[in-house]
Amino acid sequence: MGVPIYNFKELHNEELRTEAKRRISEIIDKNAFVEGEYNVLFEKEFAQMQQAKHCLLVANGTDAIEIALQAYDIGHGDKVGIPTISFFATAEAVITQGATPVFIDVDAETGLMDPASLKRVLKEHKLKAIIPVHIYGMPAPIEELEAICRPLNIKIVEDSAQGQGGYLKNGPIGSSNNLTTFSFYPTKNLAAFGDAGAILTQDDNLAEKIKSIRNHGRSPNGHILSGKNSRCDSIQAAVLHLKLRKITQQNEQRKQIAKKYHEKLKNLEIGLLPAKYLETSSWHLYPIRMANREQKYALQQFLKAKEIGSALFYEKSLPEERPLMNAAGEKQVGPQFAAQCICLPLNPFLTSDDINTVCDAIKEFLASR
Ligand SMILES: Cc1ncc(COP(=O)(O)O)c(C=O)c1O
């Protein structure tokens, strides 16, 4: 018996399926397929949970970033700073908006945007916004980045596709004065039965603008801007609202699992995320760093032979991806980080035996080298 990276069977147990099916039937009966009652309920409760004034559901996490940029009036001719480590969508949203991505390098231990790199990049590039990513669930150094950006009126969009359940210095991710975007893709901590996303804000005017952008620029008085169709359908909202019941407990389980991994792996010849993130990460993923790419692939094969899941997030850093190869900025550390990084199984349903199985396999692998 192996250890899976995800566990949809436990996540979607009989209790959840029964209530989800009841809610879907209710939506069919009411013909309320888009922006229905569950959208309103979810937006209210999720905003409360993350200590934001407004939550606006949208169709997916990529749209959430695009819409956040549009809400800040960022588009053609503007430069936007993005980290060298993230999922491609962070860069793609900038390009889709017509803006130009500029790389800011990451911390070599965490993959999080490095404020020192931002300072250096700003000497050469006038940025209109930056998109720090709460990668793997760890909070990006938002307070330090804000201290650099505020005096220069640089907007911040926090890409929290992986950060639901994580904590900034003064509250949950989503509680800052920036626009914070989420993805509810099925593998995320809080996950829909398909695609969905959200934007959190404390600002009434931005909330109104985002509502309009996500629905073709509509307002009560006609179309006030050119937006897009990024409405969230009622079935996804109903599932997300249902999953709010268990999410705090599930995120706590993730944290306890991360702590066990950390304890068992901390004295080995591998790179772990710094212990200070044990309390503040959402533990969406559990990345470790191997000596080099070759050792990373060898470990993946070794784990696979024992039916232990793993994932290469990310096989390449963003500057190594073809559409981004000519983008300017700092890009030394990202490629090195991507070469070393491999993610171990992490889902709320892993048992102590599962964790022992994974850690023993890693020890066996290192002893065999
Ligand atoms: C860091 C990051 N940003 C953005 C996205 C895009 O979200 P979606 O797939 O919902 O469009 C993801 C999703 O995988 C992500 O991990």
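Q: Leaving aside its neighbours within four places in sequence, which residues is proline 348 in contact with?

A: This is a predicted model, so let's read it as one. Setting aside residues within four places in sequence, proline 348 is in contact with Gln250, Gln253 and Arg254.

Q: Where is proline 348 found?

A: Look in the loop between strand S13 (341–344) and helix H12 (352–367).

Q: Is proline 348 buried or exposed?

A: To read this, count the C-beta atoms around a residue: 20 or more others within 10 Å make it buried. Proline 348 has 20 other C-beta atoms within 10 Å, so it is buried.

Q: What separates the C-alpha atoms of proline 348 and isoleucine 156?

A: A gap of 31 Å, and the two are 192 residues apart along the chain.

Q: OK, on to the sheet. What is the order of its strands?

A: Here's the general idea: strands of a sheet pair through backbone hydrogen bonds, either parallel or antiparallel. In this case, seven strands make an open sheet with mixed pairing, and the order is S1-S9-S8-S5-S4-S2-S3.

Q: Which strands stand at the edges?

A: Strand S1 (54–58) and strand S3 (100–104) do. Each has a single partner strand, so one side of each is left without a neighbour in the sheet.

Q: How many bridges join strand S8 to strand S9?

A: Four, between residues 179–183 of S8 and residues 197–201 of S9, and the two strands run antiparallel. If you'd like a spot to look at, find phenylalanine 182, which stands opposite alanine 198 in S9.

Q: Which strands does helix H8 touch?

A: Helix H8 (residues 204–214) packs on the sheet and touches S1, S8 and S9. Its direction makes about 10° with that of S1.

Q: And which strands does helix H5 lie across?

A: Helix H5 (residues 89–96) lies across strand S2 (79–83), S3 and strand S5 (155–159). Relative to S2, the helix runs at about 175°.

Q: Let's zoom out. What does the domain assignment of the protein give?

A: Domain 1 covers 8–241 and domain 2 covers 247–367, according to that assignment. Taken over C-alpha atoms, 24 Å separate the centres of the two.

Q: How many residues of domain 1 are in contact with domain 2?

A: 35 residues of domain 1 are in contact with 31 residues of domain 2. On the side of domain 1 that touches domain 2, S3 and helix H6 (115–122) each supply at least two residues. S3 gives the most, with four residues.

Q: What classes of residue does that side of domain 1 have?

A: There are 17 nonpolar, 13 polar and five charged residues.

How values were computed:
Residues numbered from 1 in each chain as written. Predicted model: local features only at pLDDT ≥ 70, side-chain atom pairs only at ≥ 80, totals over all residues. Pairing = 2+ DSSP bridges. Contact = placed C-beta atoms within 7 Å. Axes fitted to C-alpha atoms, helices over the stretch in contact; angles between N-to-C directions. Domains from an automatic or database assignment. Nonpolar A, V, L, I, M, F, W, Y, C, P; charged D, E, K, R; others polar. Buried ≥ 20, exposed ≤ 12 C-beta atoms within 10 Å, placed from the backbone.
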